[in-house]
Amino acid sequence: VTGVQTCALPIWFLIMLAYKVDLTEFDGPPGLKTFDTCFDILAKVPPGATKDQFRLMLQNLLAERFHLSVHHEARTLHSSALMVGKGGPKLKAVGESASAGPSADGTPSARNLATDPPWTVSQVGDRCFRLTAKRMELKALAGFLESVLQTPVEDETGLIGLYEFTLDFLPPGYPSAGESDVSRGDEDCATDIYSALQRQLGLKLNAAQKLSRDMLVVDHVDEAPTAN
């Protein structure tokens, strides 16, 4: 039996893996797509299990332990587009050989997810958040921005491959730029996420536009799993 361990993952990330969807392709109760609650999970996958079989196992785990229930429906959404800003991107490309974390089709790696995640989020000071990316696709960045902005974000940068970067930002609703304490070295945190994207990464978010999409809708999910 091969053990697959994931480390401190939010429930929305597990839903993404189980149903092979991006953050922009599912919806659910308010607060679902946050980092407030994460879980350490130790799962066992039989040798030779396919990626589709793995996803079905994870779906069953979420249904049994979190009482997850979902359905599909067509929706018209207001979406933003992530694009290259004036002056070009400020990103460091990394080789495919450095790739870690979930594969393109959502299959996790025990070592990668537990000990060497492709990107992490941390809080710096009282208000600033930091996204530290070692190997991140711009499609994944668009998905991360959706979790912050709570609105669909499409990757229209045209940039492929993996990138290394750091993004310091204030999420919407946090104190304004003038209230940030730049004396403590958080100058980048003195800007909202829109300005931070342009200044630090050379990227921008355009105005909202309508987008038709088949959505996976979460009807119910428990805040905590049932006991072992």
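How many bridges join strand β4 to strand β11, and in which sense do the two strands run? In this predicted model, strand β4 (residues 69-84) and strand β11 (residues 209-220) run antiparallel and are joined by eleven bridges.

Of the 228 residues in the chain, 41% are buried. Among contacts in the chain with a separation of 6 or more, 76% are accounted for by residues 24 or more positions apart.

Strands β6 and β7 pair in the antiparallel sense over six bridges, and Trp119 stands opposite Ala133 in β7. The hairpin of these two strands has three residues between them, and in this hairpin Gly125 takes a positive phi near 75°.

The structure holds four aromatic pairs; one of them is formed by Trp119 and Phe144, which are edge-to-face, with 5.9 Å from centre to centre and 70° between the planes. Trp119 lies in strand β6 (residues 119-124) and Phe144 in helix α4 (residues 138-149), so that this pair links distant parts of the chain, 25 residues apart. Phe144 is buried, its relative accessible area being 1%, because buried denotes values under 20%. Phe129 and Phe169 form another aromatic pair, which is stacked, with 6.3 Å centre to centre and 25° between the planes. Since Phe129 lies in strand β7 (residues 128-136) and Phe169 in strand β9 (residues 162-169), the pair ties together parts that are 40 residues apart in sequence. Both of these phenylalanines, Phe129 and Phe169, are buried. Ring pairs link Trp119, Phe129, Phe144 and Phe169 into a cluster.

Helix α4 also holds Glu146, a residue that counts as buried because its relative accessibility is 4%, under the 20% cut-off. Leaving aside residues up to four places away in sequence, Glu146 touches Leu23, Thr24, Phe26, Lys33, Thr151, Pro152 and Val153. Glu146 and Ser79 are 67 residues apart in sequence, while their C-alpha atoms are 9.4 Å apart in space.

Helix packing was examined for α1 and α2. Helix α1 (residues 11-19) and helix α2 (residues 51-66) pack at an angle of about 140°, with their axes 7 Å apart. The two helices are therefore oblique to each other, because angles count as roughly antiparallel when they are over 145 degrees. On the side of α1, the contact is made by Ile11, Leu14, Ile15, Leu17, Ala18 and Tyr19, and on the side of α2 by Arg55, Leu58, Gln59, Leu62 and Phe66. By class, this contact of α1 with α2 has nine nonpolar residues, one polar and one charged.

Terms used
Residues numbered from 1 in each chain as written. Predicted model: local features only at pLDDT ≥ 70, side-chain atom pairs only at ≥ 80, totals over all residues. Heavy atoms only, no water. Phe/Tyr/Trp six-rings, centres within 6.5 Å; stacked < 30°, edge-to-face > 60°. Helix = DSSP H or I, 4+ residues; strand = E, 2+ residues; numbered from the N terminus. Buried < 20%, exposed > 50% of the residue type's maximum accessible area, 1.4 Å probe, protein only. Pairing = 2+ DSSP bridges. Axes fitted to C-alpha atoms, helices over the stretch in contact; angles between N-to-C directions. Parallel < 35°, antiparallel > 145°, perpendicular 65-115°, else oblique. Contact = heavy atoms within 4.5 Å. Nonpolar A, V, L, I, M, F, W, Y, C, P; charged D, E, K, R; others polar.
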